[in-house]
Amino acid sequence: MKNGLNKIFLLVFITVLCFFTGCTSSVSQTDEETLKLKIQEFVDFLVKLDYSKAQACLMTDGPTYSQLDALYNKAKLIIVSGGFSNCFAKGEIYIKNITISGNEAQFSHQPVKIYFNCITSSNQVTFEDLNLTAAQKIGDVWYLW
């Protein structure tokens, strides 16, 4: 009897679990969420020193595109010359506000924080040089200025 109740309870539990996981629809991201992810993605590529992927996040005629060499070299100086090249690095950017009007956006952010987790220690560096303020949506993709 007890074994039968356990089986029924398990069956009901699995049914409820399947119902809640199967009935959740995938909610599309808002433009604001997508833009925040794009900005974070750019920071991640910059911290990983992946120039070409960072460049792909930018509008080719925007000011950040023309400043990418300087931003990349500054990030490289922090990571490599700072002795953090053998550490796990993570960039974090906090977006203060975003205003979207059609396919254009204006935003502000705090300075980027780069966190380093090394074998023997951890550290944090503030990256003041990044000053993104605008983005443009082409098709379904946001590009940063």
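This is a predicted model: local features need pLDDT of at least 70, side-chain atom pairs count only at pLDDT 80 or more; totals for chains, interfaces and linings use all residues.
Visitor: How far apart are the end C-alpha atoms of helix α4, and what should the helix span?
Guide: The end C-alpha atoms are 26 Å apart. Helix α4 covers residues 63–81, so at 1.5 Å a residue its 19 residues should span 27 Å, and the two values agree.

Visitor: Where does α4 bend, and by how much?
Guide: At Asp69, by about 45°.

Visitor: OK, which residues of α4 are buried?
Guide: Thr64, Leu68, Leu71, Tyr72, Ala75, Ile78 and Ile79.

Visitor: And what covers them?
Guide: The cover includes two helices, α2 (31–47) and α3 (51–55). Strands β4 (112–117) and β5 (122–127) are also part of it.

Visitor: What follows α4?
Guide: Gly83, with a positive phi near 85°.

Visitor: Switching to the open sheet: what's the strand order?
Guide: β2-β3-β6-β7, 4 strands with antiparallel pairing. The edges are β2 (95–101) and β7 (141–144), each pairing on one side only. Ignoring direction, neighbouring strands are turned by 25° against each other on average.

Visitor: How many bridges join β3 to β6?
Guide: There are 3, between residues 104–109 of β3 and residues 134–138 of β6. As for who faces whom, Glu104 stands opposite Gln136 in β6.

Visitor: Which strands of the sheet does α2 touch?
Guide: α2 packs on the sheet and touches β2, β3, β6 and β7. The direction of α2 makes about 50° with that of β7. And α2 is also among the elements covering the buried residues of α4.

How values were computed:
Residues are numbered from 1 along each chain as its sequence is written. Side-chain values use heavy atoms; hydrogens and water are left out. The expected span of a helix is 1.5 Å times one less than its number of residues. The bend at a residue is the angle between axes fitted to the seven residues ending there and the seven starting there. Buried means under 20% relative accessible area, exposed over 50%, partly exposed in between (1.4 Å probe, protein chains only). Contact means heavy atoms within 4.5 Å. Two strands pair if DSSP finds at least two bridges between them. Axes are lines fitted to C-alpha atoms, for helices over the stretch in contact, and angles run from 0 to 180 degrees between N-to-C directions.
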